[in-house]
Structure formats: structure tokens, C-alpha cells
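Reader: I have the sequence and the model open. Could you take me through the fold?
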Amino acid sequence: MKGMLSKANAEGYAVMAINAFNLETARGVITAAEEMNAPIIIDLLQDHVKAYFDCDILTAPIIKMAQAAHVPVAVNLDHGHDIAHLKRCLHEGFSSVMCDASAYSDEENARITKEIVELADMFGASVEAEVGNMGRIADDGVMLTDAAMYTDPDAAIVFIKKTGVTALAISYGSTHGDYPEGYVPEFHFDIVEKIKDATGCPLVLHGGSGAGDENMRRSVEAGINKINVGTDYMIAQRAFIANALAEDPSCDFPQLIQDSWRAGVETIKHYIELSGSAGKAF
């Protein structure tokens with residue numbers, strides 16, 4: 001992932017990181033990237049990995065798929081907050097890990113992250129970290145947040161210099177999951193610009209699903225080099241399955257699963273276009 005983001009940083013675009021949780025969804029991510037001739041990152045959320053297939057089972061076949069792809073594919077552990085499990089993922093061959101110690105103080109976050117950066121170097125892997133806290137959406141569509149949600153640019157600048165992370169996820173207006181219909185979050189691009197100007201570090205947007213096309217474009221212009229999307233990819237597959245079952249409740253199950261991940265490919269391709277990474281595979 002380090003090489004991908006370094007190139008994106010130098011050329012002013014972002015690489016899409018799409019959440020997958022099994023072989024089928026990983027195949028959809030790679031298919032979309034190949035059709036757009038774009039580099040891509042497969043994000044495997046730690047909670048999914050631990051709940052469905054642990055890293056020693058899931059990693060090897062996905063790495064094999066990545067190596068066989070016609071475009072660069074990185075495999076990244078997303079939101080790795082269980083440090084012991086994160087270290088196992090490095091041993092199992094993840095090319096990148098996100099060390100998410102953002103729940104701790106900035107000092108403790110930096111200490112933990114620096115330890116993981118030093119370990120990852122031994123495996124030739126890169127490390128993403130996070131400074132700041134995402135907001136969340138209430139039932140009435142109002143963002144529940146205060147100033148503490150947003151990443152403090154000065155704290156982020158110090159963190160990057162202390163830890164030597166490959167990339168830093170920052171909070172400037174997005175949230176994980178889905179937004180209420182019609183809701184478009186307000187992004188504070190000045191946070192991105194200040195950190196970027198001071199460090200030149202690749203920066204990451206989490207919670208890209210549903211955040212709005214214009215917010216995506218402006219994020220890339222401000223200095224974002226990695227955009228995480230999971231919910232929209234899964235919604236596209238869920239909607240396909242719901243419609244298919246409504247039309248034919250006795251449809252062939254293997255074919256249903258095969259067709260469902262393909263239904264999410266167009267969603268990923270749309271985000272690749274927004275990120276500016278189409279045609280940037282090499």
C-alpha cells in the first residue's frame with residue numbers, strides 16, 4: 001500500500017479501499033479495479049475477520065487473488081484495535097494494517113502506533129493510523145458531534161512526525177455506515193489542507209459511502225489519497241439479493257451469490273472514477 005499511496009500522493013489522486021469480508025466480495029473489488037485499470041485496496045475489517053474467517057484462513061486465498069490480478073492490489077487490515085490480532089495479520093501476510101488506537105490519548109496512540117510501525121517494517125508492510133473521532137447520525141438525520149469529533153490538525157502533524165506512519169486517517173465530517181436519505185455531510189476541508197501542507201503525508205477518508213460526489217472530489221483536491229467505502233458496496237449487493245428473491249424465491253443459490261457480488265462492481269467503479277485513480281494502475 002505504501003507504493004500505491006506514494007504514487008497517488010505525487011500525482012494528486014486517491015486509491016479506493018473497499019471493504020470485503022469473504023472471497024466473493026474480494027473478487028468483486030478486484031474485478032472493478034481491473035475493469036477500470038486502477039490500483040485498489042481490499043480492506044478487511046478486523047471485526048469481520050474475527051467473526052467470519054480468521055486471518056490465517058482468509059488471507060492466503062485473497063493474497064493469491066491479489067497476486068493474480070492485472071492491477072496492483074493491496075490487502076489491508078481495517079480498524080485493527082486488537083493489537084495481538086493485528087500482529088497475527090502481519091505474520092499471515094497482510095501488506096498493510098491499520099493500527100486504530102484512536103480511542104486512547106494522543107500520546108498513547110502514538111506510542112502504540114510507533115511500535116506497530118517498527119514491527120511492520122520487518123515484514124515490509126505499511127501502517128495506517130487514525131487521529132480524531134467519527135461522528136454519528138441520529139434518527140432525525142442530524143449529525144451528533146461536537147468539536148471533539150474533528151481531528152486537531154496540530155495533533156495530527158505531531159503524530160505523523162512521531163510515528164512515521166504510511167498514512168493517517170482523519171475525521172473532518174464523515175461517519176461510518178449509511179446516512180439518512182437526502183443527507184449530505186458537511187466536510188471541513190481546511191483540516192485536510194493544513195495537515196497535508198505541513199507533512200505531505202498520504203491522508204485517508206473513512207466513511208466515504210454516501211458522503212456525496214462533490215465531497216469526494218474536493219477531498220482528493222485537498223490532499224486525500226485513500227478513500228474507504230464499504231456500506232455502499234454491501235447495499236448494492238443486498239438490494240440485488242432482495243430483488244432477486246422477490247422475483248424468484250426458489251432461485252439457484254450459488255448463482256445468486258455469484259450475481260450479487262457482480263451487482264456491487266458498478267458501485268466500486270463509480271468511486272474509482274471519483275477518486276481519480278481510473279487508468280492509474282501503472
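Author: Strand 8 (residues 167-170) and strand 9 (residues 203-205) run parallel and are joined by 3 bridges. Strands here are DSSP E runs of at least two residues, helices are H or I runs of at least four, and both are numbered from the N terminus. Two strands pair if DSSP finds at least two bridges between them. This is a predicted model, in which local features need pLDDT of at least 70 and side-chain atom pairs count only at pLDDT 80 or more, while totals for chains, interfaces and linings use all residues. Residues are numbered from 1 along each chain as its sequence is written, and side-chain values use heavy atoms, with hydrogens and water left out.

Reader: Which residue does A169 stand opposite in strand 9?
Author: A169 stands opposite V204.

Reader: And which strands make up the closed barrel?
Author: The closed barrel has 8 strands in the order 1-2-3-4-5-8-9-10, with parallel pairing.

Reader: Turning to strand 2, is it enclosed or open, and why?
Author: Strand 2 (residues 40-45) is largely enclosed by the rest of the structure, because 6 of its 6 residues are buried. Buried means under 20% relative accessible area, with a 1.4 Å probe and protein chains only.

Reader: Which way do its residues point?
Author: I40, I42 and L44 point one way from strand 2, and I41, D43 and L45 the other way.

Reader: What joins strand 1 to strand 2?
Author: There are 5 bridges between strand 1 (residues 15-20) and strand 2, which run parallel. I18 has I42 in strand 2 as its bridge partner.

Key: Buried < 20%, exposed > 50% of the residue type's maximum accessible area, 1.4 Å probe, protein only.
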